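The sequence and the structure are shown below.

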Amino acid sequence: MQIQTTTTPQLDWTGDALAIGLWENQTELTGKPAELDAKLSGVIQELIAETEFLGKVNTTAITRVGGNNSHIRKIILVGLGKPEEAKLDTVRRGAAAIARVAKQAKIKSLGISLPVIQKDPKHTAQVITEGIILALHVDQRFKSELENGELKLTTVDLLGLGEQAEAISKAEKICAGVILARELVAAPANIVNPVTMAETAMQIATESGLDLEILEQEDCEKLGMGAFLGVAKASDIPPKFIHLTYKPSGTPKAKVAIIGKGVTFDSGGLNIKGVGSGIETMKMDMGGAAATLGAAKAIAQLKPEVEVHFISAVTENMISGKAMHPGDILTASNGKTIEVNNTDAEGRLTLADALVFAEKLGVDAIIDLATLTGACVVALGDHVSGLWSTDPQLAEEIKAASQLAGEKFWQMPMEEIYFEGLKSPIADMKNTGPRAGGAITATLFLKQFVQNTPWVHLDIAGPVWADKDNGVDNAGATGFPVRTLVNWVCNKE
Ligand code: BES
Ligand code: MG
Ligand code: ZN
């Protein structure tokens with residue numbers, strides 16, 4: 001599928017289907033849509049009336065127009081909501097809705113005419129492209145037959161945005177990263193495990209010339225990564241500590257680390273997850289690592305002037321005679337001791353050693369992303385990630401990057417007093433606090449492993465997975481928050 005801009009005016013565009021966006025108060029057509037309607041003998045106004053189309057967000061309508069000599073065969077309407085509420089994400093979602101309708105209608109050549117947002121045709125073209133590609137990505141790798149046949153769409157023309165080849169190409173690179181993250185998260189634990197995650201990192205390294213260091217179990221032992229290795233003990237699959245590095249050709253303007261939680265299956269360990277705990281969904285517990293690799297793939301193609309370290313301590317959390325026992329005391333690579341009062345709070349143990357490792361690299365900022373707590377899902381639901389930060393400026397940078405990405409974050413308090421709940425009579429800390437404020441105590445635990453470097457923690461347990469289609473996400477893995485990570489790094493240039 002080829003996405004390109006065209007300078008052909010709406011009235012003259014020819015192809016299978018032309019999609020236009022309408023605002024909520026615009027259903028009495030004026031201006032350009034009215035001219036198009038006149039050319040099409042009033043078919044748009046008729047469609048609006050017949051389908052009671054009100055221009056609300058997430059609504060679409062489609063109809064056949066004219067006979068064989070018409071310059072277009074179908075018209076697609078997409079609602080954009082209230083113009084005063086318009087954001088870049090409005091047209092990203094609009095484009096996603098159009099792409100779904102066009103796919104269903106077996107359209108081959110599609111024209112998309114959506115408004116320029118914030119007087120910024122470049123970013124408008126980028127996000128429309130993202131919307132199309134991401135909405136059309138449906139993961140059918142594990143089906144023996146394609147459900148709706150092959151995708152017929154071969155060309156998409158973006159109208160009214162000028163020449164935007166660079167923005168489209170940027171979007172395509174970002175989407176390749178999002179799709180990699182989606183596919184890693186969606187693949188079950190019998191396919192994606194620490195070994196195959198390391199192989200994926202190797203593929204990215206070889207295709208884009210990144211440096212790759214894989215620390216094996218013995219290497220991790222030498223570095224004293226007792227917290228990470230405690231989690232890995234019961235798995236028959238060896239743990240892999242992945243460290244992928246992108247270095248720009250010139251002097252880097254900044255040096256940052258992105259750390260993803262990479263638990264390829266979380267059984268809970270000996271505190272095994274009970275009935276109704278969603279154990280069967282715990283293949284998604286490497287969503288942080290998947291997004292880290294997705295971001296690496298995109299950043300390696302976009303080549304910003306920033307040095308980026310992509311890190312993940314990858315393991316399964318399993319049970320066996322070798323499993324760590326509830327109550328065991330582990331020593332992390334910064335020398336701190338941890339009483340494991342719950343083996344299901346394993347993500348923070350793997351992240352502890354990854355944070356210590358990242359800080360030793362002397363980076364300017366560390367961001368970690370983790371499907372860390374059910375408590376965060378209870379607090380913020382499925383669409384919003386928690387964000388904690390030791391550095392207000394870094395928090396603002398992530399929020400700015402998320403605006404363009406259309407991914408949602410909500411800053412949560414780093415309430416030090418709750419560390420009381422992690423105090424252990426026998427070790428420096430426990431790994432699990434009380435039920436109340438569970439996402440905050442998890443963050444305070446991680447904070448014990450970062451000394452001075454500005455740091456942001458993202459709890460992405462909700463948004464990595466979608467129960468139903470929503471915006472650019474299809475039911476299943478979302479690839480959250482690859483777009484925010486890529487924007488954040490590229491904004492540093
Ligand atoms: N992987 C889970 C968190 C999770 C929950 C991710 C739901 C995705 C969806 C994590 O390792 C976990 O088990 N957390 C426990 C922590 C508790 C034992 C303190 C939880 O949230 O219940
Ligand atoms: Mg767990
Ligand atoms: Zn987990």
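In this predicted model, strand β8 (residues 240-246) pairs with β11 in the antiparallel sense, and seven bridges connect the two. Within this pairing, tyrosine 246 has valine 308 of β11 as its bridge partner. Strand β9 (residues 254-260) also pairs with β11, here in the parallel sense and over six bridges; alanine 254 is bridged to valine 306 of β11. Strand β10 (residues 262-266) likewise runs parallel to β11, to which three bridges join it. In that case valine 263 finds its bridge partner in threonine 315 of β11.

| Strand paired with β11 | Sense | Bridges | A bridge pair |
|---|---|---|---|
| β8 (residues 240-246) | antiparallel | seven | tyrosine 246 and valine 308 |
| β9 (residues 254-260) | parallel | six | alanine 254 and valine 306 |
| β10 (residues 262-266) | parallel | three | valine 263 and threonine 315 |

Is strand β11 itself buried or exposed? Of the 12 residues of β11 (residues 306-317), 12 are buried, and the strand is therefore largely enclosed by the rest of the structure. In a regular strand, side chains alternate between the two faces of the sheet. Both faces of β11 are covered: one side carries Val306, Val308, Phe310, Ser312, Val314 and Glu316, the other Glu307, His309, Ile311, Ala313, Thr315 and Asn317, and all of these are buried.

A search of the whole structure finds three cavities of 30 Å³ or more.

The largest cavity has a volume of about 50 Å³. Val57, Asn58, Gly79, Thr90, Arg93, Gly94 and Ala97 line this cavity, and helix α3 (residues 88-104) supplies the largest share of the lining, four residues. The lining of the largest cavity divides into two nonpolar, four polar and one charged residue.

A further site of interest is aspartate 473, located in the loop between β19 (465-466) and β20 (476-477). Aspartate 473 counts as buried because its relative accessibility is 17%, and the cut-off for burial is under 20%. Leaving aside residues up to four places away in sequence, aspartate 473 touches Arg100, Arg182, Ala466 and Thr478.

Key: Residues numbered from 1 in each chain as written. Chains lettered and ligands numbered in written order. Predicted model: local features only at pLDDT ≥ 70, side-chain atom pairs only at ≥ 80, totals over all residues. Heavy atoms only, no water. Buried < 20%, exposed > 50% of the residue type's maximum accessible area, 1.4 Å probe, protein only. Contact = heavy atoms within 4.5 Å. Pairing = 2+ DSSP bridges. 1 Å grid on protein atoms, 1.4 Å probe; cavity = no way out; pocket = protein on both sides within 12 Å on 5 of 7 lines; lining within 4 Å. Points joined across faces, edges and corners; volume = space filled by probe spheres on them. Nonpolar A, V, L, I, M, F, W, Y, C, P; charged D, E, K, R; others polar.
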